[in-house]
Amino acid sequence: MKEILIRQKQVLFFIIAGGLSAVVEIGSFKVFSTYLPQILARETNFHGIHYPLSNIFSTSCGIITNYFLSIWFVFERGKHSKRKEFVYFMAVSFISTLFSLGFFQIFYSFVFKDNINLFFYTLSPEMISKIAAILLVSILNYSVKKKVIFNG
């Protein structure tokens, strides 16, 4: 019973940490996708890839935020050294970033074509695609990080 409660607490903290990291990632994506195209005209469509640097930079901000929140609040340290744990975390995050970029491209190119009006804010197709990609990849992230990195 205690193990179930600890697991539920851990999932709740993972959701909170993931939510905060997503806010950082989505907020920084909004900033990057607004200002980078003014500097680099090809940012909106680089050989068929939409907002590549905005995605990479914002995902990096989210990953770093998530790493620190994960080690402070979500997971107990595993059997790995801090250095090895960090390297594994970054490797998993790099692979997750590739998945996230791929899902973003699919969502942006084929799924989300119109704005969504939330009365107080209108979500553009690129923002909806970013949010959908984050949600999809977060499920993979939790299970891999729990079983591989923080498996103590």
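## Overall layout

Reading from the N terminus, the elements of the protein chain follow the order α-α-α-β-β-α, which comes to four helices and two strands. Here helices (H or I, at least four residues) and strands (E, at least two) are DSSP runs, numbered from the N terminus. The C-alpha trace spans about 50 × 35 × 25 Å along its principal axes.

A quick word on provenance: this is a predicted model, in which local features need pLDDT of at least 70 and side-chain atom pairs count only at pLDDT 80 or more, while totals for chains, interfaces and linings use all residues. Residues are numbered from 1 along each chain as its sequence is written, and side-chain values use heavy atoms, with hydrogens and water left out.

## Where α2 meets α3

Helix α2 (residues 52-74) packs against helix α3 (residues 82-111) at an angle of about 140 degrees, and their axes lie 10 Å apart. Axes are lines fitted to C-alpha atoms, for helices over the stretch in contact, and angles run from 0 to 180 degrees between N-to-C directions. That angle makes α2 oblique to α3; under 35 degrees counts as roughly parallel, over 145 as roughly antiparallel, 65 to 115 as roughly perpendicular and the rest as oblique. The crossing of the two is right-handed, that is, the near helix is turned clockwise from the far one by less than a right angle.

On the α2 side, the contact (heavy atoms within 4.5 Å) includes Asn-55, Ile-56, Ile-63 and Tyr-67, while α3 contributes residues including Phe-86, Phe-89, Met-90 and Phe-104. By class, this contact has nine nonpolar, seven polar and two charged residues. Ala, Val, Leu, Ile, Met, Phe, Trp, Tyr, Cys and Pro count as nonpolar, Asp, Glu, Lys and Arg as charged, and the others, Gly among them, as polar.

## α4 and its partner

The axes of α3 and α4 come within 8 Å and cross at roughly 150 degrees, so the two helices are roughly antiparallel. Their crossing is right-handed, and the contact residues divide into 16 nonpolar, five polar and four charged.

Helix α4 (residues 125-149) bends by about 25 degrees at Val-137, the bend being the angle between axes fitted to the seven residues ending there and the seven starting there. At 1.5 Å a residue, its 25 residues should span 36 Å, which agrees with the 34 Å between its end C-alpha atoms; the expected span is 1.5 Å times one less than the number of residues.

## A look at Pro-37

Pro-37 sits in helix α1 (residues 2-39). Leaving aside neighbours within four places in sequence, Pro-37 is in contact with Phe-32, Glu-43, Thr-44 and Tyr-51.
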